[in-house]
Amino acid sequence: MEITYIVKFSPETKSDYAYDLIVITEREKFIVPIRAMGCRAILDFPDTIEYGLVPVKYNTEKPIMIRNIGEKKAKWQIVCPASFTVSKTEGILEVNQVEQLIFNFKPSEARKYNEELTLIYDGFEASVPISGEAHNDNVYLSKGHVTADPTSITLFSH
């Protein structure tokens, strides 16, 4: 024998709902989970952050915008790998609010850095690739430039 029931859902607010419907028959008892998701925070954040070529032991800044395009306030947190830092590691964004973050890359040695930062918000955790390549610059003194100040030295890099 087969029977069908229709469950009508009429939410009072835009929030999460969870209910376990217990069904008892002559032979068994089982639970039917009923779940509804309300408003969510959705952060607009770049899929990747790339620095390209940068000099070793030189701090390179990259401004990144983070925006809440969802329907609910978002409390967020960012965890960066060791070679990268961010101006602010956590915050709260209201709906449609935008905030600028400054990401810094200061490599300690000449090599490729392919790592991931973690963006945590509203119960979600996202991994975002962050990369850059560090190289040693050639630095030399110029012989052709004479100044009146003997303590002044001109350095050139390429």
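**View 1. Val54 and its bridge partner in strand E11.** In E11, Ala134 is the bridge partner of Val54, and strand E11 covers residues 124-135 and pairs with E4 in the parallel sense over five bridges. Two strands count as paired if DSSP finds at least two bridges between them, strands being DSSP runs (E, at least two residues) numbered from the N terminus. The model is predicted, with local features needing pLDDT of at least 70 and side-chain atom pairs counting only at pLDDT 80 or more, while totals for chains, interfaces and linings use all residues. Residues are numbered from 1 along each chain as its sequence is written, and side-chain values use heavy atoms, leaving out hydrogens and water.

**View 2. The open sheet.** Five strands, in the order E4-E11-E10-E6-E8, form an open sheet of mixed pairing, whose edge strands, E4 (49-55) and E8 (90-93), each pair on one side only.

**View 3. The largest pocket.** About 390 Å³ of space lies in this pocket, and its lining includes Met1, Tyr5, Leu21, Glu28 and Phe30. A pocket is an open set of points on a 1 Å grid over the protein atoms alone, where a 1.4 Å probe fits, with protein on both sides within 12 Å along at least five of seven lines, and lining residues have an atom within 4 Å of a point; the volume is the space filled by probe spheres set on the points, which are joined across faces, edges and corners. Strands E1 (17-24) and E2 (29-36) are the elements that give two or more residues to the lining of the largest pocket.

Definitions and conventions:
Helices (H or I, at least four residues) and strands (E, at least two) are DSSP runs, numbered from the N terminus.
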